[in-house]
Amino acid sequence: MRSIWNGAISFGLVSIPIKLVNATENHSISFRQIHLADGGRIRYRKVCEIDEQEVSAGEIGKAYEEADGSMIPITDEDLGSLPLPTAKTIEIVAFVPAASIDPLQMDAAYYLSANGVPAAKPYTLLREALKRSQKVALAKYALRGRERLGMLRVVDDVIAMHGLLWPDEIRSPEGVAPEAEVTVRDAELDLADALMDTLGEVDMDSLHDDYREAVEELIAAKADGRTLEPAGADDSGGKVIDLIAALESSVRAAKEARGEEPEAEGAADAPVAEVTSLSGRKKSGGTGAKKKATAATKKKAAAKKPASGRAPAKKTAERSTKKSAGRTGAGTAAKKTTAKADPKPAAKKAAPRKRASA
């Protein structure tokens, strides 16, 4: 990797010669601007506003523009004469816990390489000290004409440096959070936790840029004279949705993607399902009991509440008596006449009542 800056790390009285190399690279696909009429490439030319002549890079310098539009020329010699101790030095100013660094401050990342054999020993000393302390080093350095803030940490066996924004460069989030007062229920939090647990962890090496691959495929198809099928438009944005339903669907989809068996509909919302099932059991139990009773029993049970099981026996005896007396419409008179004329038959008729009761 090509170094972009040479200098030294200042670690107290220890100086460590290092080379600075980029730790990241941009894989974005670049496009050129063209003239739609004939496909000719559009180029930017640097032209002087005074004489309207195109100028080369060697003829271009720096200047600061005043509020009235006037220019104050600033040369590289002017900047080089400034009392900047970090012009060629990464000066460590403190060692702090990594958690004290706000991720919002993170900027570009670099690898620091030991520059030469004599730098190997102090480089290794600083690396091992950072490992054992489990801290990061805050440092100042100068790059591309300005002083910057950096954070040094260990990545594998290399010291890496992250450029940091100065604290006054971080904007306040005032006015960004929702202004409306919102209440989040425990059931919604439970579903969110379930979704987080289902998604679980991911191997960072497995993540890739799907959009870049799609652009590369499009370019290859255009070069071959092929036409790609347009992707279906995602119309899910901008809709007001049921949060609980969306969370439940997300949990099911995540489980299916991981090859797990999804739970039944609404199973993730345990408290709601439990209340519903309890009330359902009460209703279903009452309905089953009512179906077992006959229509006549329901009416008589509502009017009279018998204390024992003798009432059904009396009803059975009455039905037997009516049958034995005959179905001519004079059953009641026949019973009275028979009872007065001969008391013995009445005793015989009483016997069936006992057997029915038994």
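Helices here are DSSP runs of H or I with at least four residues, strands are runs of E with at least two, and both are numbered from the N terminus. This is a predicted model, in which local features need pLDDT of at least 70, side-chain atom pairs count only at pLDDT 80 or more, and totals for chains, interfaces and linings use all residues. Residues are numbered from 1 along each chain as its sequence is written, and side-chain values use heavy atoms, with hydrogens and water left out.

## Overview

The chain holds ten helices and nine strands. It has 358 residues, and buried residues make up 16% of them. Buried means under 20% relative accessible area, exposed means over 50%, and partly exposed is in between (1.4 Å probe, protein chains only). A contact means heavy atoms within 4.5 Å. Of the contacts with a separation of 6 or more, 59% come from residues 24 or more positions apart.

## The barrel

Strands of a sheet pair through backbone hydrogen bonds, either parallel or antiparallel. Two strands count as paired if DSSP finds at least two bridges between them.

Seven strands form a closed barrel in the order β1-β2-β6-β9-β8-β7-β5, and the pairing is mixed. From one strand to the next, the twist averages 40 degrees.

Take β1 and its two partners. Strand β1 covers residues 3-11, strand β2 covers residues 14-22, and the two pair antiparallel over eight bridges. Serine 3 has valine 21 of β2 as its bridge partner. Phenylalanine 11 stands opposite valine 14 in β2. Two residues lie between these strands in the hairpin, where glycine 12 takes a positive phi near 65 degrees. The pairing of β1 with β5 is parallel, with three bridges. There, isoleucine 9 of β1 has isoleucine 90 in β5 as its bridge partner.

Helix α2 (residues 120-133) lies across β1, β2, β5 (89-96), β6 (106-114), β7 (136-143), β8 (146-155) and β9 (158-164). It runs at about 80 degrees to β2. Axes are lines fitted to C-alpha atoms, for helices over the stretch in contact, and angles run from 0 to 180 degrees between N-to-C directions.

## A second hairpin

Strands β3 (residues 62-65) and β4 (residues 71-74) run antiparallel and are joined by four bridges. Tyrosine 64 stands opposite isoleucine 72 in β4. This hairpin has five residues between its strands, and glycine 69 takes a positive phi near 95 degrees.

## Salt bridges

A salt bridge is a side-chain nitrogen of Lys or Arg within 4 Å of a carboxyl oxygen of Asp or Glu. The count comes to nine. The table includes three of them.

| Glutamate 169 | Arginine 146 | 3.4 Å |

Glutamate 169 is partly exposed, at 34% relative accessible area. Arginine 146 is partly exposed too, at 36%.

Is glutamate 188 buried or exposed? Glutamate 188 counts as buried, at 12% relative accessibility. Arginine 185 counts as partly exposed, at 47%.

Glutamate 216 and arginine 212 both lie in helix α4 (residues 210-224). They are four residues apart, about one turn of the helix. Glutamate 216 is partly exposed at 38% relative accessibility, and arginine 212 is partly exposed at 24%. Elsewhere, salt bridges that share partners join Arg127, Glu128, Lys131 and Asp157 into one network.

## Helix α4 and its ends

Helix α4 has 15 residues. From its first C-alpha to its last it reaches 21 Å, close to the 21 Å expected at 1.5 Å a residue. The expected span is 1.5 Å times one less than the number of residues.

What caps the N-terminal end of α4? Aspartate 209 does: a side-chain oxygen lies 3.1 Å from the backbone nitrogen of tyrosine 211. Just after α4, glycine 225 takes a positive phi of about 80 degrees.

Definitions and conventions: Polar contact = N/O pair within 3.5 Å; in protein donor to acceptor, adjacent residues only side chain to side chain.
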